[in-house]
Amino acid sequence: ALVSRSESLSELGGAVPFQSAYVLHDAAETEDGEDHQGSGAEIGLHAKIYVYQIGNRTHIALGSANATSAALIAEKNIEILAELAGPASRVGSVSRLFNVDADDGLGQYLVRWNQDDIHEIDTAKQAMQRLLEDARTAILAAGLVLTCRKDGEGWVLDLAGVENVALGETATAEAWPVTVGSERAVDLLPLASGQSVMLPVQALSSLTSLVAFRVKIGSESISFTLNLPVSGMPEERERAILRSVVNNREGFLRYLLLLLAGLGDGADVGTVARAFNSSSSNQLASTFDDMPLLEELVRAFSREPKRLRKVQRLIDDITKDCEADKILPAGFLSLWQVFNEAMKHHDH
């Protein structure tokens with residue numbers, strides 16, 4: 001089954017390669033019946049949902065991957081998906097989730113698409129979208145690379161292409177590192193003549209090979225992100241990133257929990273994470289007072305001691321600084337020394 005918009009299905013000319021096609025019920029639309037005009041972070045949302053069943057387990061995958069070979073089979077794209085799975089008896093089988101006659105599941109919000117309900121196709125918009133795809137293809141084919149260099153107190157990434165970027169006469173393009181935000185985007189016009197483009201100056205901890213692009217033609221635009229080859233990245237970058245996260249006692253404990261998570265019936269990491277987002281400092285303090293940190297470390301030593309090596313590297317890095325007392329909980333170094341000695345005997 002395919003769930004989409006009626007106008008999108010109409011563009012296929014009736015050639016929908018699925019047993020069933022559905023659209024959202026009118027009652028599930030916004031109150032005024034108009035399409036929601038997204039703003040800010042909602043613009044360019046690229047999410048898809050896949051629901052499938054293997055045996056008696058139902059799987060729901062949500063993420064950026066299109067239903068294409070490049071995204072799902074050939075592994076050419078870098079995609080992010082989150083998957084939830086559970087027994088079909090509890091989550092619901094695929095057939096029930098899409099049953100339009102059921103009172104639960106997705107089916108209650110869907111109606112079967114009527115092929116006779118043909119929407120007028122905006123040919124001008126389609127033409128601009130094809131030109132946008134051509135411009136994106138030109139960017140992809142240019143062999144873009146990044147070069148990192150120091151610039152005063154900050155760092156810059158120079159963006160250059162092996163080939164000139166032929167955007168066409170009507171398209172404009174801009175780019176920015178994903179860590180600095182689109183408000184600091186720079187024009188990519190120099191790439192058309194073989195010149196390089198200097199991306200915005202940024203801090204060492206925000207240096208990244210992930211670059212966002214936005215191409216515009218008239219009122220239409222597309223946005224996408226590329227993970228580009230980069231040279232000259234400073235060795236101290238990883239330490240700067242870590243220290244931007246682990247810069248206080250709460251950050252250290254949160255990172256420590258992440259390193260120790262998933263080893264069995266341990267501390268509720270979700271509860272701790274929610275406490276970090278709480279505005280109540282009393283709740284945060286109470287959460288850490290009740291945290292069985294010793295038990296978590298013992299569990300890691302027993303089941304997966306290599307995780308403690310990561311903890312050791314973190315502690316070594318923190319103790320190099322004179323402000324380690326502000327980051328490490330009181331008495332933690334004494335506790336850790338016991339595990340450090342135990343690991344020495346374990347290795348032998």
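What percentage of the contacts in the chain with a separation of 6 or more is accounted for by residues 24 or more positions apart?

Reply: The model is predicted. Of the contacts in the chain with a separation of 6 or more, 60% are accounted for by residues 24 or more positions apart. The chain contains twelve helices and 14 strands, and 32% of its 348 residues count as buried. Its average pLDDT is 81, and 83% of the residues score at least 70. Over residues 38–44, however, the pLDDT is below 50, and this stretch has two contacts in the model beyond near neighbours in sequence.

E9 pairs with strand E12 (residues 210–217) in the antiparallel sense over six bridges, and Pro177 has Val211 of E12 as its bridge partner. Strand E10 (residues 186–187) is also antiparallel to E9, and two bridges join them. In this pairing, Ala175 stands opposite Val186, while Glu174 has Asp187 as its bridge partner.

The chain has another open sheet, formed by three strands in the order E1-E2-E6, and there the pairing is mixed. Strand E1 (2–3) and strand E6 (110–112) are its edge strands, each pairing on one side only. E1 runs parallel to strand E2 (residues 21–24), and two bridges join them; Leu2 stands opposite Ala21 of E2.

A residue in a further strand can be described individually. Leu62 lies in strand E4 (residues 57–63). Because its relative accessibility is 42%, Leu62 counts as partly exposed. Leaving aside neighbours within four places in sequence, Leu62 is in contact with Ala47, Lys48 and Ile49, and also with Ile80, Leu81 and Ala82. The C-alpha atom of Leu62 is separated by 6.5 Å from that of Tyr50, which is twelve residues away along the chain.

Finally, there is a contact between two helices. The axes of helix H6 (residues 237–245) and helix H11 (residues 306–319) come within 11 Å and cross at roughly 85°. Angles of 65 to 115 degrees count as roughly perpendicular, and H6 and H11 are therefore roughly perpendicular to each other. On the H6 side the contact is made by Arg239, Leu242 and Arg243, and on the H11 side by Leu314, Asp317 and Ile318. These contact residues divide into three nonpolar and three charged, with no polar residue.

Note on methods:
Residues numbered from 1 in each chain as written. Predicted model: local features only at pLDDT ≥ 70, side-chain atom pairs only at ≥ 80, totals over all residues. Heavy atoms only, no water. Axes fitted to C-alpha atoms, helices over the stretch in contact; angles between N-to-C directions. Helix = DSSP H or I, 4+ residues; strand = E, 2+ residues; numbered from the N terminus. Parallel < 35°, antiparallel > 145°, perpendicular 65-115°, else oblique. Contact = heavy atoms within 4.5 Å. Nonpolar A, V, L, I, M, F, W, Y, C, P; charged D, E, K, R; others polar. pLDDT = per-residue confidence, 0-100. Pairing = 2+ DSSP bridges. Buried < 20%, exposed > 50% of the residue type's maximum accessible area, 1.4 Å probe, protein only.
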